[in-house]
Amino acid sequence: MLARVAIVGNSAAALSALERFRQYDRQTPVTVVSAEPGVAYSRVLLPYYLGHKIHLRGLFIRTSSFYKRMGVELISGSSARVEEVDTASRRLKLASGRYVGFDKLLIASGSRPTRPPIPGIEHPAVHELWTLRDAVELEPLLRKGARMLVIGSGFVALQAAWVGYRRGLFVTVVELERRIMPRVLDEPAARLLSEAIGAHSVSVHTGTHTEGLEEDGRGGVHVYTRELGPLAADVVVVATGVRPNDALLAEALEPGLAGIPVDRSMATVVDGVFAAGDVARGPTALGGPLEIHALWPTAVEQGKVAGANLAGARLVYGGSLSMNVTEMFGYTVVSLGRIFETSGERVNVYRELRGVKYLKVIEKDGVPVGAVALGDPETASRLGQLRPLIRQRRGVKELQAILEEGLASRQLSDCLPRPVSGRYQRLKEA
Amino acid sequence: MRIVLADVGLCVACRGCEYACAYEHNGSFERNASLMRVSFYPAARVAVSLTCMHCQEAWCLEVCPAGAISRDSDTGAVKIDASLCAGCKMCVLACPFGNIHFDHERGVAQKCDLCSGDPACVRSCTTGALRFVEPEDVAVTRRETLDARLLRVLATQRTGAAE
């Protein structure tokens, strides 16, 4: 009997798996099923589309001929929503009633945004910024002079606020916790970013509980908060986090923990079934318990490993290392690995290091485990050089060298032909 | 495919390659605009010129959420299509060598594209430190050089021991 491969999902992890699988195996029939219609698009780019940096067509990262070239049957749209994964009889049941058989399966079904459980949260003025459909719906609502309220202050929330600001909306951000980006930035970085947001006349209210929404009779809403009273808005964007679409493989889940657990080969506990991307809870580059890193780069890496192993290649994943970067309110904001230090760890903080406004590198037993930084775009290029050190667990000497050379070369650059601005000098110069 | 190779022993840190690259790609003579960067360590009397290595498994290419990075079928160069780039900087963070830069004016990432197979940096190099070569040839050269050096060292040691 011919082996068959099915892939649930059509984004970073699924595409990466598919391409890798085909490097090993040109023969085996592959079916890709996705509840979202059409060819693959890039979720990461949605804010750039709303910010008019790219056109709608720029969001699509694969063409229909790509699927043909890959020898794949793509079943996409709401009728392709997977209703059941039957691992015993090796088939998927789709919403359309159709069955898709498989011998090996990859679940790359991603994650979905969560909404705070408050009255009125399902009002039509409330939007998410997660799917292509969300973005297309938001696009005509971002009118100059309109009032935008953003609930949450993570990467997605603040990107929405930044887009709203640039398109001339009056933007307000409310965050439940005491400071913005509570899981993405450390306190000093969050403070700097808050100041920058304030300087762009976007109001940020931290420590603010949203308690409900009500129609204002003119198409907008009043958002009630415990601390501030009602806030008026024409459009509300809620971005308070995501949760994995992991119910498909309930048999593999662990009680009380979200995400399908996978090992270093991206295999689940179910024979021949793999998981990758936002839906997977996998090993990290830093060791410790399995974690969900709902990030594009992690999805690409995990997909690659899963794709190879679907073909029987026995590729082993070094573990995910979270990385995130975006530019907003005049700063490039970068985070890498673990950004909160625990006791006994050494913390190196640099301020005003040429283009880098703030940089913190955490070392554990002489090995860097993470960094967070705010600065110009080249900040990202400097932090990128730390990534191999974290991955390979390279010792204190290298880290010191990178950081010290960075400082030394600032003095050094004073005796060299001067660059027009010092911005582009790298932290590690060799 | 051919790569740009720097002979650290021949580089005099004139930065001609930086200016040539900046002019070729951005029409300017600002070092910032160069995709080739020369790091000069006066105390050690060493200058290291470095640009994209066009990695075989290019993480920037794999991670680009816009599908804007691809490998040129002729030159093997890993290239960014500026018309597809959204400016998200994921590739800038992904590069382990810090070899991808950001063009503020156009808001896109920029990197070495080997100038379609005739790199301006190599053309402009006055000392011959930069060469555009097949890696295989380099490996052979290096092996011969290394062996020759080893033989010299061993010969000296043996002579020393005999005396």
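Start by selecting chain B and colouring its residues by burial: of its 163 residues, 47% are buried, where buried means under 20% relative accessible area with a 1.4 Å probe and protein chains only. This is a predicted model, in which local features need pLDDT of at least 70 and side-chain atom pairs count only at pLDDT 80 or more, while totals for chains, interfaces and linings use all residues. Residues are numbered from 1 along each chain as its sequence is written, chains are lettered from A and ligands numbered from 1 in the order in which they are written, and side-chain values use heavy atoms, with hydrogens and water left out.

Stay with chain B and switch to a cartoon, which shows five helices and eight strands, taken as DSSP runs (H or I of at least four residues for helices, E of at least two for strands) and numbered from the N terminus.

Next, select Cys64(B) and Cys88(B), whose sulfurs are 6.2 Å apart, too far for a bond, since a disulfide is a pair of cysteine sulfur atoms within 2.5 Å. Cys64(B) is buried, at 14% relative accessibility. Then move to Cys115(B), which is also buried at 14%, and whose closest cysteine sulfur, in Cys121(B), lies 6.4 Å away, again too far for a bond. Over all chains, the search finds zero disulfides.

Finally, go to chain A and select helix α1 (residues 12–24) and helix α7 (residues 296–310), whose axes come within 7 Å and cross at roughly 35 degrees, the axes being lines fitted to C-alpha atoms over the stretch in contact and the angles running from 0 to 180 degrees between N-to-C directions.

Notes
Buried < 20%, exposed > 50% of the residue type's maximum accessible area, 1.4 Å probe, protein only.
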